[in-house]
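Good morning, and thank you for making time for this.

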Amino acid sequence: MLRSFSHRLRMGVCRYAIGLRRAILFVWLPSTGTEMFDLSTLTRRSIGVALVGCAFLAPAAMGAGDTEDVAMGIRIAELLRAGRSVVSNYQTLINDPALGDKHLDSERFASEAIAVYSKNTGQDPFSGELTNRDRRLLQAQIGAMREVVDEQQDDINRAGIGFKGFVPAVFARLLNEKFAAKVGNEALVRVTAPEQLVRNRKSLPDAWEASIIVSVFSDPKRAKGEAYTDVTEVEGRPAFRMLLPEYYTESCLSCHGEPKGEIDITGYPKEGGKAGDLGGAISIVLFK
C-alpha cells in the first residue's frame, strides 16, 4: 500500500513538472534506502524540482490534495520572485534623477513579471489544470502587483531625486500585504529571514518559521534549497504551510554583503553576507 502511495505521489508531481522547460525532477528520500517508510515520516520526505536560474525544492505531499498545495505554493513563490526580479532589473531606471515619466506602469510591470515567471519555469502561471481557488489566488497576486506599482508611480517618476527606496524587499512586503487584504482568508504570503538579518520588524519570523530556520535550514546535512512543509494550525485554522529558503546572490551583496556594518544605500548596516548564505525565506500559508 505504501509503495503504491509513493508511486502515485511521484506520478502526480511528474505530471506537474512535465512541460517545465529545462527542468530536472528527482526524488530525495533521505536516510531511507527503501520506499517502504511509514506515514509518520512522510511529512519529512521531499520531492525536489530544480529549475535553471532559480532553484527551489517542492516538498512531498502529506495527504489527500497536498500535492496540489505544493504545486500552488511553488507558483505563488515563483510569481513573487518574478516581480522582485523586475524591480531589481529596473533599479537604474527607477533611480534615474534625470528622467520623469519612466513608462513603467502597472500593466507593463505585470506583463514583464509574467514573462520572467514563464522564462524561469517554462510555463505561464495559469497553465495546466488549476482549481478555482488556485486561479483566484494567482489573479489576486497579479492584481496586488499592479496596485503596488500604481501607488508607487509618483515616486518612480519623480525627477531630481536619485534613490527612491522602491527596492525588491519593499515591493515584496507591499505586494504580500495587498495579497492578504484580497484573499487572506484563503492564503497568506510573506518574506522573512533569520531574526538577526531582519531589517523590518514586520518581517520577523513567527514561532513556526523561526524554528524551521534555526533547526532545519541550518542543518549542514540538509540538501541546500530544500523547502519545508507542514500541516498545522494558523490563526486557529488548519493550514498547509510551506517555507522556501532563499540565498544571497551576487546582486544582493551591494546591500547585504561586506564590509559588515558599512551603511548601504538604504541606510542600513550591511550584514556581511556572502553569495550562497541563507538570507531569507518565503513563507506560504494555504488554509484548508
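The model is a predicted one, in which local features need pLDDT of at least 70 and side-chain atom pairs count only at pLDDT 80 or more, while totals for chains, interfaces and linings use all residues. Residues are numbered from 1 along each chain as its sequence is written, and side-chain values use heavy atoms, with hydrogens and water left out.

The protein chain comes to 9 helices and 7 strands; helices (H or I, at least four residues) and strands (E, at least two) are DSSP runs, numbered from the N terminus. Of its 288 residues, 48% count as buried, where buried means under 20% relative accessible area, exposed over 50%, and partly exposed in between, with a 1.4 Å probe and protein chains only. A contact requires heavy atoms within 4.5 Å. Among contacts between residues at least 6 apart in sequence, 66% join residues at least 24 apart.

Let us turn to the sheet. It is open, has 4 strands in the order E4-E7-E6-E5, and its pairing is antiparallel; two strands pair if DSSP finds at least two bridges between them. E4 and E5 stand at the edges with a single partner strand each, so one side of each has no neighbour in the sheet. On average, neighbouring strands are turned by 20° against each other, direction ignored; the axes are lines fitted to C-alpha atoms, for helices over the stretch in contact, and angles run from 0 to 180 degrees between N-to-C directions.

Strand E6, residues 237–247, is mostly covered, with 8 of its 11 residues buried. On one side, 7 bridges connect E6 to E5, residues 228–234, and Thr232 is found opposite Ala239. The hairpin of E5 and E6 has 2 residues between the strands, and Glu235 there takes a positive phi near 55°. Towards E7, residues 278–287, E6 has 9 bridges. Across that pairing, Met242 faces Ile284 and Pro245 faces Ala281.

Which residues of helix H8 are buried? In H8, residues 207–215, they are Trp208, Glu209, Ile212 and Ile213. These cover an arc of only 130° around the axis, which puts them on the same side of H8; the arc is that of the directions from the helix axis to the C-beta atoms. The buried residues of H8 pack against E4, E5, E6 and E7. The face turned away from the buried side carries the exposed residues Ala207 and Val214.

Finally, consider Gln153, in helix H6, residues 153–156. Is Gln153 buried or exposed? Gln153 is buried, at a relative accessible area of 17%. Its side chain reaches the backbone oxygen of Leu104 at 2.9 Å. Such a polar contact is a pair of N or O atoms within 3.5 Å; within protein, one must be able to donate a hydrogen and the other to accept it, and residues adjacent in sequence count only if both atoms are side-chain atoms. Leaving aside residues up to four places away in sequence, Gln153 touches Leu104 and Asp105.
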